Amino acid sequence: MAAVDIDVPVDAEPQIHNPDDLERQAEGFKEQGNAFYSQKDYSEAFNYYTKAIDASPRTASYYGNRAATLMMLRRFREALEDSQQAVRLDDCFMKGHLREGKCHLLLGNAMAASRSFQKVLELEPANREAQQENKTAETLLEFERMADFGFEKRDFRKVVFCMDRALAVASACHRFKILKAECLALLGRYPEAQSVASDILRMDSTNADALYVRGLCLYYEDCIDKAVQFFVQALRMAPDHEKARLACRNAKNLKAKKEEGNQAFKNNNYEAAYQLYTEALTIDPNNIKTNAKLYCNRATAGAKLKKLNEAIDDCTNAIKLDDTYIKAYLRRAQCYMNTEQYEEAVRDYEKVYQTEKTSDHKHLLKTAQLELKKSKRKDYYKVLGVGKNATEDEIKKAYRKRALMHHPDRHSAATPEVQKEEEKKFKEVGEAFTVLSDPKKKVRYDNGHDLDDDGCCDGRDFDANNIFRAFFGGHGGGYSFDSSPESAPGNFFFQFG
């Protein structure tokens, strides 16, 4: 019978069955592992320590050495398993307990780390490394407590601060990273939050917490459809993920309610739109970007309903949430214009024009500046008690009424103070009528031009009595008002001679 050739790998290890030989071989592998470790070739060191363990699986120090190598390779969970196996095999293996404690610390489990360091101190009470690491574990626990309290109080900056300090110790703790990322998202620091979540997903693409944070960032950036996809994926990985479930529900509700409001507004049903935007604002106070839009939308509906002060408040709330929201500044400025708060309107239009230097924004700013300039003069329309679109007849009727009301002769029996005040008002009524009854002067006045050059309102040549006499016919004789006590207030007549 012909011999059968058997392929034997060149580098195959010889089969050893003698226990003493196995131990010697295991020691050889360990020594080779130590050599590679000292050369910082941790991958090869890991391979040889694994061979040592395979040859002698009951030797605690081999697991301890491989744990040290895995820590250098930043494979901390595997290092933790080897450390725990080492101390199971030898409960007095001090280095094993130390490494277990350090792995727990790096993975963010401060209480378990503390137990490991306490075990070292039982074995060697003066061990300075264990004493120091135990203090570090206590500090980590304190940062965790402070972060939990901060999150409960919605002090997200405090949580980020605590997590940064905690991660300086527990650099491999995904839980701390996720909490930090979530708070960064809640603070509107979306790129930073996305970066943290993406780092975790690169190592573990099925991490439900990281998927949730990615979705949260998209949700808060008003990319609701994409956000829902991430929330659904997180729930697929972890069906009991309560935060992802709540965020998914909020995202869907918020989108639906906002779209209902928009449709009602398009249908000119402003009351319904106003109510729907109000309901949408109660869904999630943390969604800064969407809520800013909702406040601005409600302000637009409110302006249509003549709720101008409420609209201004809504725009202000939108700007508080997003101080780069140009549409909110424009809407608020228009409401200020409609309520004759021109200084505030100019301020908002200046902000808009500084941000976006368009011809439209420049025109809006100039219009507001003109209205502000006009508002600082006497408002002749108010003096006569008429609107800015008053007709010529309405202006004449208003002058007749006000001139008779404030004529000095009518108040001849009043105190000197009242007489002085009424004389002033009489003169203002005459000024107002002089300007508003003259088409050219009225146009100049309406356009904000200075009328002092016309010589009608500078107080030098202007005589309100001349206007009065000209208006009432200039009969050449005197006239008087009956201001006797028996006469009812406001009753007066002319006596021409």
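In helix α14 of this predicted model, the buried residues are Tyr 270, Ala 273, Tyr 274, Leu 276, Tyr 277, Ala 280 and Leu 281. These residues lie on the same side of α14, because they cover an arc of only 165° around the axis.

Helix α4 gives a second example of a helix with a buried side. With 14 residues, α4 reaches 20 Å from its first C-alpha to its last, close to the 20 Å expected at 1.5 Å a residue. Phe 76, Ala 79, Leu 80, Asp 82, Ser 83, Ala 86 and Val 87 are buried in α4. Since they cover an arc of only 165° around the axis, they fall on the same side of α4. Arg 77, Glu 81 and Arg 88 are exposed on the other side of this helix. The buried residues of α4 pack against α3 (60–72) and α5 (94–106).

Ser 83 sits in α4, which runs over residues 76–89. With a relative accessible area of 1%, Ser 83 is buried, because buried means under 20%. Not counting residues up to four places away in sequence, Ser 83 touches Ala 67, Gly 96, Arg 99, Glu 100 and Cys 103.

The protein has 24 helices and zero strands. Of its 497 residues, 43% count as buried. Among the contacts in the protein with a separation of 6 or more, 50% are between residues 24 or more positions apart.

Where do the nonpolar residues gather? The largest nonpolar core has 66 residues, and Met 163, Phe 176, Tyr 212, Tyr 219 and Phe 231 touch the most other members. Helix α11 (residues 208–220) supplies the largest share of this core, ten residues. A second, separate core has 21 residues, including Leu 384, Val 429, Phe 433 and Leu 436. Met 163, named above for the largest core, is in contact with Phe 143, Ala 147, Phe 176, Leu 179 and Lys 180, leaving aside its neighbours within four places in sequence.

Leu 436, from the second core, is also a contact of Lys 442. Lys 442 is found in helix α23 (residues 439–446). Is this lysine buried or exposed? At 17% relative accessibility, Lys 442 counts as buried, because the limit for a buried residue is under 20%. The side chain of Lys 442 makes a polar contact with that of Tyr 381, at 3.2 Å. Leaving aside neighbours within four places in sequence, the contacts of Lys 442 are Tyr 381, Lys 388, Ile 395, Val 435 and Leu 436.

The side chain of Glu 142 makes a polar contact with the side chain of Arg 145 (3.2 Å). Glu 142 and Ala 110 are 32 residues apart in sequence and, C-alpha to C-alpha, 9.7 Å apart in space.

Two loop residues have backbone angles worth a look. Arg 154 is found in the loop between α7 and α8 (156–169), and its phi is near 60°, a positive value in a residue other than glycine. Arg 154 is partly exposed, with a relative accessible area of 46%. Lys 306 is found in the loop between α15 and α16. Phi of Lys 306 is near 65°, again positive in a residue other than glycine. At 70% relative accessibility, Lys 306 counts as exposed, because exposed means over 50%.

Finally, the confidence of the prediction can be described. The protein averages a pLDDT of 88, and 89% of the residues score at least 70. Over residues 1–12 the pLDDT is below 50, and this stretch has zero contacts in the model beyond near neighbours in sequence. Residues 483–497 also have a pLDDT below 50, but this stretch has 27 contacts in the model beyond near neighbours in sequence.

Terms used:
Residues numbered from 1 in each chain as written. Predicted model: local features only at pLDDT ≥ 70, side-chain atom pairs only at ≥ 80, totals over all residues. Heavy atoms only, no water. Helix = DSSP H or I, 4+ residues; strand = E, 2+ residues; numbered from the N terminus. Buried < 20%, exposed > 50% of the residue type's maximum accessible area, 1.4 Å probe, protein only. Polar contact = N/O pair within 3.5 Å; in protein donor to acceptor, adjacent residues only side chain to side chain. Contact = heavy atoms within 4.5 Å. Core = buried A, V, L, I, M, F, W, Y, C linked by side-chain atoms within 4.5 Å. pLDDT = per-residue confidence, 0-100. Arc of directions from axis to C-beta. Expected span 1.5 Å × (residues − 1).
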